[in-house]
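The following report covers a surface patch, helix packing and a salt bridge.

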Amino acid sequence: MVGAGVLTLPYAMSELGWGPGVAVMTMSWIMTLYTLWQMVEMHEMVPGKRFDRYHELGQYAFGETLGLWIVVPQQLLVEVSLDIVYMITGGKSLKMFHDLVCEDSNKCKDMKLSYFIIIFASAQFVLSQLPNFDSIATISLAAALMSICYSTIAWGAAVGKGKAENMDYSLRATTTQGKVFGFLGGLGQLAFSFSGHSVVLEIQASIPSTAEKPSKQPMWKGVVVAYTIVALCYFPVAFVGYWAFGNSVKDDILITLKTPKWLIATANMMVVVHVIGSYQVYAMPVFDMMEMVLVRKMLFSPTWKLRLVSRSLFVAFTMFIGITFPFFGGMIGFFGGFAFAPTSYYLPCIIWLMVYKPRAFSLSWCANWFCILVGVLLTVLAPIGGLRQIIMDAKKYQFYS
């Protein structure tokens, strides 16, 4: 649940300001916890049947064909965009580790970011051959521990640095146009941080379920623990990072922090370990869909050769996009609104309304419609700010340089 998007939260705060930033962060945490509870509840809402995939739930609510076309593109967009961002994050963190360790040495050569993304991708080529979620449990545990550690280091080092004199907490943009687009991009960056919904049913499907002890009981306990840790990681990093650096913070808090050198280098390596595991968590459903289509529709034999070729092509694709557009903040702002808002903020609410049909203007009805309206606004507005930032960054960037 704790994604690498936590690193960009202080930057998002600098685009939103204290009041809106705190309000949007808190509201997003509550809304996405609510929609996650809905998905856990709907996993076994039909007696004797389990909805093990997001698209199966969509097909039950919208119909076989329409449900597939509504859910699958959104889910794929979330998972593919996350893996692209994780490629960029892994490469940038490796480069930052290299630069910090070699800062006082004349023996190290300056290397392009592209090379570090390729190094990170090489690990994914190997790990992508693991067959299923259970086989990446150890990697996932290591990733979870690393995310908690580097989040703590990020806000702890910011506290240690302290607030500079004459700190500027005004919005980072100076023009009205820049402030508006920056605000929209900040909304997308916050939305990106809450991304677990696209794989929650696949994870719940791996939990045994009986009439006496349905899977939703242990799953909900897991969600509560996860969201408590999310709060303990996200809120201190966002607020302390912004408090320490104001509107001068970069789109990755660990790049802004330079001292103590050994600690920040360690934190960057923790980020690498984390995104190695998280990449696989979000790639696994994509592999599942790809292989299902190749075997059932195109009649390929389900052999190790098919797995090797199909999964390696996916890793190569995300690596190529990451090398071509290594714009961390802009990518997060764009995908946060365009891909993450539907699956995390309002698609579960629409399905809930269609299946359970709560009474008009009841608490459930009002809560769901509130989430839908906020989510739709995020989907429409946030990508505009993110896309503008990508365009602005691209003007100053020499591709493959």
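A nonpolar surface patch is formed by Val376, Leu377, Val380, Leu381 and Ile384, which together have about 400 Å² of accessible area. Patches take residues with over 30% relative accessible area and no salt bridge, with nonpolar side chains (Val, Leu, Ile, Met, Phe, Trp, Tyr) joined within 5 Å and like charges within 9 Å. Areas come from the Shrake-Rupley method with a 1.4 Å probe, and for residues only the protein chains shown count as cover. Val380 is found in helix α14.

This is a predicted model, in which local features need pLDDT of at least 70 and side-chain atom pairs count only at pLDDT 80 or more, while totals for chains, interfaces and linings use all residues. Residues are numbered from 1 along each chain as its sequence is written, and side-chain values use heavy atoms, with hydrogens and water left out.

Helices (DSSP runs of H or I, at least four residues) are numbered from the N terminus.

| Helix pair | Angle | Axis distance |
|---|---|---|
| α13 (residues 328-356) and α14 (residues 363-395) | about 165° | 7 Å |
| α4 (residues 64-101) and α11 (residues 261-297) | roughly 155° | within 8 Å |
| α7 (residues 176-192) and α13 | roughly 60° | within 6 Å |

Given its angle, α7 is oblique to α13. Angles under 35 degrees count as roughly parallel, over 145 as roughly antiparallel, 65 to 115 as roughly perpendicular and the rest as oblique. The crossing of α7 and α13 is left-handed, meaning that the near helix is turned anticlockwise from the far one by less than a right angle.

α13 and α14 are roughly antiparallel, and α13 passes α14 in a left-handed crossing. Their contact contains 21 nonpolar residues, 10 polar and no charged. Here Ala, Val, Leu, Ile, Met, Phe, Trp, Tyr, Cys and Pro count as nonpolar, Asp, Glu, Lys and Arg as charged, and the others, Gly among them, as polar.

α4 and α11 are likewise roughly antiparallel, and α4 passes α11 in a left-handed crossing. The contact of α4 with α11 has 23 nonpolar, six polar and three charged residues.

The structure holds six salt bridges, each a side-chain nitrogen of Lys or Arg within 4 Å of a carboxyl oxygen of Asp or Glu. One of them joins Glu41 and Lys216, with the closest N and O atoms 3.3 Å apart. Glu41 lies in α2 (residues 18-42) and Lys216 in α9 (residues 216-245), so the pair ties together parts 175 residues apart in sequence.

Key
Axes fitted to C-alpha atoms, helices over the stretch in contact; angles between N-to-C directions. Helix = DSSP H or I, 4+ residues; strand = E, 2+ residues; numbered from the N terminus.
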